[in-house]
Amino acid sequence: MTRLHELHDIQGQSPWIDNLTRRMLLSGTLARHVEQGIRGVTSNPTIFQKAISGGSYYDEQFRALIARSGSVEDSYWEMVIQDVQDALRVLRPTYDASGGRDGFVSLEVAPAIAYDTQATIEAARYFHERIAEPNLFVKIPATSEGIPAIQAMVSEGRNINITLIFSLSRYEEVVEAYLSGLEAFDGDLARVASVASFFVSRVDTEVDRRLEAIGGEEALALRGKAAVAQAKIAYETFRSRFAGERWAALEARGARVQRPLWASTSTKNPAYPDLLYVDTLIGPDTVNTMPDKTIEAFLDHGTVARTVDEGVEDAHATLERLAQLGIDIADVARTLEEEGGAAFSKSFDELTQALTDKADDLST
């Protein structure tokens, strides 16, 4: 039994991997990760940009797709869908054994439609109908335009991973969209699953930058504190929202909680512990999706202990001290949401251009 198994079996947290490449699938690396205790897969446009641009694993399929359709973007999605379908097969035994709690693979809608509600609805519906596997999560960004799309998809009984959550206020909106969607769905609630992906390390990156600009002993002492504090309060919110009469009525119909998922959990600042965003956020009914190096670090020296609801009063105090220093957490969230969407769009555009160049070479 590895630390990843203990994380789930003892503490009730599901470790997922934040990576998906064809090389992982063909080499059996993903299957070995599952044997080590990984229970799900997340992906995003940046991950696929690196995967497809990083070798020749997709060349043969791309050549055939371009010859058939001539569309670079359509070819991109066909390659991505194949990887997701292959990963779904690897994770299906986990899905079945867990009763539909884990074993999911996440596919994100195109970044260009993050601020278009109807386009997001249509894309999420298309992926669910095209792939048609019970352990597929479609990722919808938690933009203001994404919130009604989340509610609409849950009301149709579709499994949704809500991504790019950077603030407690937006998290509240995400939870409400999920609950309202469940209330509107007239089918079997037990087959509807969702996670709310709360991005962690990037919060510290932006808050630390602002603290350093302020300067002074008090400000500098708060570096590396904001992200974990906000995540702990998010978990407190989760426990309060999935309780009481409203939730009891849904639970009686078979509804499952929307688990908080800690995303962006690799440590960006080398001065901080490599497992800062893992060891501090362990607890029941949560997911932590980690990149490969973070998984390796946790297997080697991770701490398996319930920590997510420790120091919650201190977490509130940390956010209060940040506000007193002039750190506007709402503005931090807006900045990070814009940067996150822009980064995914940039990756998508760069990959599309690279594939266009490759298609041109094939035609000459």
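Why are R210 and E206 separated by about one helical turn? I found that the two residues are four apart in helix α10, so about one helical turn lies between them. For reading this entry, a helix is a DSSP run of H or I of at least four residues and a strand is a run of E of at least two, both numbered from the N terminus.

**Basis of the notes.** I worked from a predicted model, in which local features need pLDDT of at least 70, side-chain atom pairs count only at pLDDT 80 or more, and totals for chains, interfaces and linings use all residues. Residues are numbered from 1 along each chain as its sequence is written, and side-chain values use heavy atoms, with hydrogens and water left out.

**Salt bridges.** I took a salt bridge to be a side-chain nitrogen of Lys or Arg within 4 Å of a carboxyl oxygen of Asp or Glu. By this rule I noted 25 salt bridges.

I returned to R210 and recorded its salt bridge with E206, where the closest N and O atoms are 2.8 Å apart. Both R210 and E206 are buried; the term means under 20% relative accessible area, against over 50% for exposed and in between for partly exposed (1.4 Å probe, protein chains only).

I next looked up R22, which forms a salt bridge with D83 at 2.8 Å between the closest N and O atoms. This pair links distant parts of the chain, as R22 is in helix α2 (residues 22-27) and D83 in helix α6 (residues 72-97), 61 residues apart. R22 and D83 are both buried.

I then turned to R241, whose salt bridge with E172 has its closest N and O atoms 2.7 Å apart.

**S197.** Is S197 buried or exposed? I found a relative accessibility of 2%, so S197 counts as buried. S197 lies in strand β6. Its side chain makes a polar contact with the side chain of N161 at 2.7 Å (a pair of N or O atoms within 3.5 Å; within protein, one must be able to donate a hydrogen and the other to accept it, and residues adjacent in sequence count only if both atoms are side-chain atoms). Beyond its neighbours within four places in sequence, S197 has contacts that include I162, L164, L261 and A263, contact being heavy atoms within 4.5 Å.

**Largest pocket.** I used a 1 Å grid over the protein atoms alone: a pocket is an open set of points with protein on both sides within 12 Å along at least five of seven lines, a cavity is a set where a 1.4 Å probe fits but cannot get out, and lining residues have an atom within 4 Å of a point. The largest pocket is lined by 32 residues, with D18, N44, T46, R202 and K268 nearest its centre. Among the elements giving two or more residues to this lining are β6 (194-199) and α10 (201-214). The largest share, five residues, comes from α17.

**Largest cavity.** I noted that its lining consists of S43, N44, P45, F48, Y76, W77, L107 and E108. At least two lining residues come from each of α4, α6 and β3 (104-108).
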